[in-house]
Amino acid sequence: MSNSSDRVENAKYGIESGIVQISDRLKTPHNVETIEANLRLLEALLFAAVEPIDTQTLRDRMPDDADVGALLARLTRDYAGRGVHLVRVADKWRFQTAPDLEHHLTDVKEAPRKLSNAALETLAIIAYHQPVTRAEIEDVRGVAVSKGTLDVLMELSWVRLRGRRRTPGRPVTYGTTDEFLAHFNLETITDLPGRDDLRSAGLLDPRLPKDFEMPEPKMMDDINTDEDPLEMETEDPNFFEDFLEEDDD
């Protein structure tokens, strides 16, 4: 009973319950040929996109009188039972293969890059605690975090620099990206599994205290109240420094 399955069921329910409203929105003075032409164009734009595409970009490419929201809902419904689904991730749209067909496609899927335990732990801490500094990551892990570990996650475009914390030393803060959401098929960061999900999957120690609480995942696009915009110290936009040791376990 994964979050992915729950989201699929919720989306299916929402689509079916809203079918009357969608149909009404598509009942415009335009003839059937115009609506079908808009659907074909939208389908082609989504199919040709090399990465998830946002609704505004679709509106810019579609005719001015096209109801893109209703057309997206129509395509989502039409593809719901097929081998390819139209899904929304990080407020963007893309086609992807149906989850139940995954075992038929494993022999042609690209092998994922294997991350070290340090990188996986660091990524999880950032996802659940963001915005978070390197010192705060080390406090949760209990060991030092090397800059190389963070560089790997940034190279994958799963982690980004957010700003600088308004504390002595002005440490850099980290957060996840839209690429992180897309890779793990999450619509929003709040779709990350909670305590009960992790426990049922055997990923939490059953001896945890009863009052143990999972942090609430959140991802804010804007700088937080205790952050300042990141100021680059040199002309190299990829250079930053957080003044901590480079050792790792």
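Is Ala-90 buried or exposed? I looked this up before anything else. At 10% relative accessibility, Ala-90 counts as buried (buried means under 20% relative accessible area, exposed over 50%, partly exposed in between, with a 1.4 Å probe and protein chains only).

Entry on the source. I note that this is a predicted model, in which local features need pLDDT of at least 70 and side-chain atom pairs count only at pLDDT 80 or more, while totals for chains, interfaces and linings use all residues. Residues are numbered from 1 along each chain as its sequence is written, and side-chain values use heavy atoms, with hydrogens and water left out.

Entry on the whole protein. I found 11 helices and 7 strands (DSSP runs numbered from the N terminus: H or I of at least four residues for helices, E of at least two for strands). Of the 249 residues, 34% are buried. Among contacts with a separation of 6 or more, 62% are between residues 24 or more positions apart (contact means heavy atoms within 4.5 Å). The protein exposes about 15,600 Å², and carbon and sulfur atoms supply 52% of that area (Shrake-Rupley method, 1.4 Å probe).

Entry on two loops. I returned to Ala-90, which lies in the loop between strand 2 (84-89) and strand 3 (92-97). Its phi is positive, about 55 degrees, although Ala-90 is not a glycine. Arg-170 also has a positive phi, about 45 degrees, without being a glycine. I located Arg-170 in the loop between strand 5 (159-165) and strand 6 (172-176). At 29% relative accessibility, Arg-170 counts as partly exposed.

Entry on helix 7 and helix 9. How do the axes of helix 7 and helix 9 cross, and at roughly what angle? I read that the axes of helix 7 (residues 117-129) and helix 9 (residues 147-155) come within 10 Å and cross at roughly 70 degrees (axes are lines fitted to C-alpha atoms over the stretch in contact, and angles run from 0 to 180 degrees between N-to-C directions). The two helices are therefore roughly perpendicular to each other (65 to 115 degrees). Ala-118, Ala-119, Thr-122, Leu-123 and Ile-126 of helix 7 meet Thr-149, Leu-150 and Leu-153 of helix 9. I sorted these contact residues into 6 nonpolar, 2 polar and no charged (Ala, Val, Leu, Ile, Met, Phe, Trp, Tyr, Cys and Pro count as nonpolar, Asp, Glu, Lys and Arg as charged, the others as polar).

Entry on a peptide bond. I found Pro-131 in the loop between helix 7 and strand 4 (132-133). A cis peptide bond joins Gln-130 and Pro-131, with omega about -5 degrees.

Terms used. Parallel < 35°, antiparallel > 145°, perpendicular 65-115°, else oblique.
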